[in-house]
Amino acid sequence: MKAAILATIVGTAAAFAPSHQKNGVSVSTTVLNAEMSESLPFLVKPKNLKGWVGDVGFDPLGFSEYFDMKWLREAEIKHGRVTMLATLGFVLQQWWTLPGLTPVADSNMAPSAVGLGPMLQIVFWGGVLEFWTNKGKVTMLDMFEDKDRVPGDFGFDPLGLAVGKSQEEKDLMQYKEIKNGRLAMLAIGGMIHHNWITGEPLF
């Protein structure tokens, strides 16, 4: 009871305490006037996300404050593309198996079914593709030395979906890709953990 009373007194006193000043501006006033995140309305909207396609103010860990936004967007797009393929493969392999491979009902068992060799080949050729598409510049320090390089744009458009499109239409296509990629990242995680926890196939 005493602790509750003390906490009430301290809280009341704090309400009348002068707010912290920074460069002559009240910090509390700055926070109240700040634009709040669309996706996390209890947090201030990250300023470095402004202008990027798909921005909903979601950066609870503040990555955009410490890392290059181009590098972060490239990572998000690549992970989204990989997980969209992974989600399709995770579901498809339950009913269809590549010739010469052992069928398995649980997709989590597929790596052990094919063995270490094929899995290492995926890692190796993935690394080769990464090195080739970035012309050997694969670190955060040098990947975007070319200021004109657009994250995730490797000129891959075999169906010509971007041909003749305005910038607004291209942004809409990129928005759809990012949203589907974000959904796929959640989906593949959910499907993998479903099989782990239940010990049963997805369907």
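Q: Which residues are linked in a network of salt bridges?
A: This is a predicted model. In it, a network of salt bridges links Glu-74, Lys-78, Glu-130 and Arg-149.

Q: Take Arg-149 and Glu-74. What is the N to O distance in their salt bridge?
A: The distance is 2.9 Å, N to O, between the side chains of Arg-149 and Glu-74.

Q: Are Arg-149 and Glu-74 buried or exposed?
A: Both Arg-149 and Glu-74 are buried.

Q: And Arg-81, which residue does it form a salt bridge with?
A: Its partner is Glu-177, with the closest N and O atoms 2.6 Å apart. Because Arg-81 is in helix α4 and Glu-177 in helix α7, this pair ties together parts 96 residues apart in sequence. Arg-81 is partly exposed at 28% relative accessibility, and Glu-177 is partly exposed at 26%.

Q: How many salt bridges does the count come to?
A: The count comes to 10 salt bridges. One of them joins the side chains of Glu-65 and Lys-47, at 3.1 Å, N to O. Glu-65 is in helix α3 (residues 63-66) and Lys-47 in the loop between α2 (27-33) and α3, 18 residues apart.

Q: Is Lys-47 buried or exposed?
A: Lys-47 is exposed, because its relative accessible area is 59% and the cut-off for exposed is over 50%. Glu-65 has 38%, so it counts as partly exposed.

Q: Changing topic: how many aromatic pairs are there?
A: A search of the whole structure finds four aromatic pairs. Among them, Phe-63 and Phe-67 are edge-to-face, 5.9 Å centre to centre with 70° between the planes. Another pair, Trp-95 and Phe-203, is stacked, at 5.5 Å and 25°.

Q: Where do Trp-95 and Phe-203 lie?
A: Trp-95 is in the loop between α4 (69-92) and α5 (110-114), and Phe-203 is in the segment after α7 (167-198), so the pair ties together parts 108 residues apart in sequence. Trp-95 counts as exposed at 60% relative accessibility, and Phe-203 at 61%.

Q: Which residues make the nonpolar surface patch of about 820 Å²?
A: That patch is made by Leu-88, Leu-92, Trp-95, Trp-96, Leu-98, Leu-101 and Phe-203.

Methods: Residues numbered from 1 in each chain as written. Predicted model: local features only at pLDDT ≥ 70, side-chain atom pairs only at ≥ 80, totals over all residues. Heavy atoms only, no water. Phe/Tyr/Trp six-rings, centres within 6.5 Å; stacked < 30°, edge-to-face > 60°. Helix = DSSP H or I, 4+ residues; strand = E, 2+ residues; numbered from the N terminus. Buried < 20%, exposed > 50% of the residue type's maximum accessible area, 1.4 Å probe, protein only. Patch = residues over 30% accessible without salt bridge, like charges linked within 9 Å, V, L, I, M, F, W, Y side chains within 5 Å. Areas by Shrake-Rupley, 256 points an atom, 1.4 Å probe, with all protein chains shown as cover. Salt bridge = Lys/Arg side-chain N within 4 Å of Asp/Glu carboxyl O.
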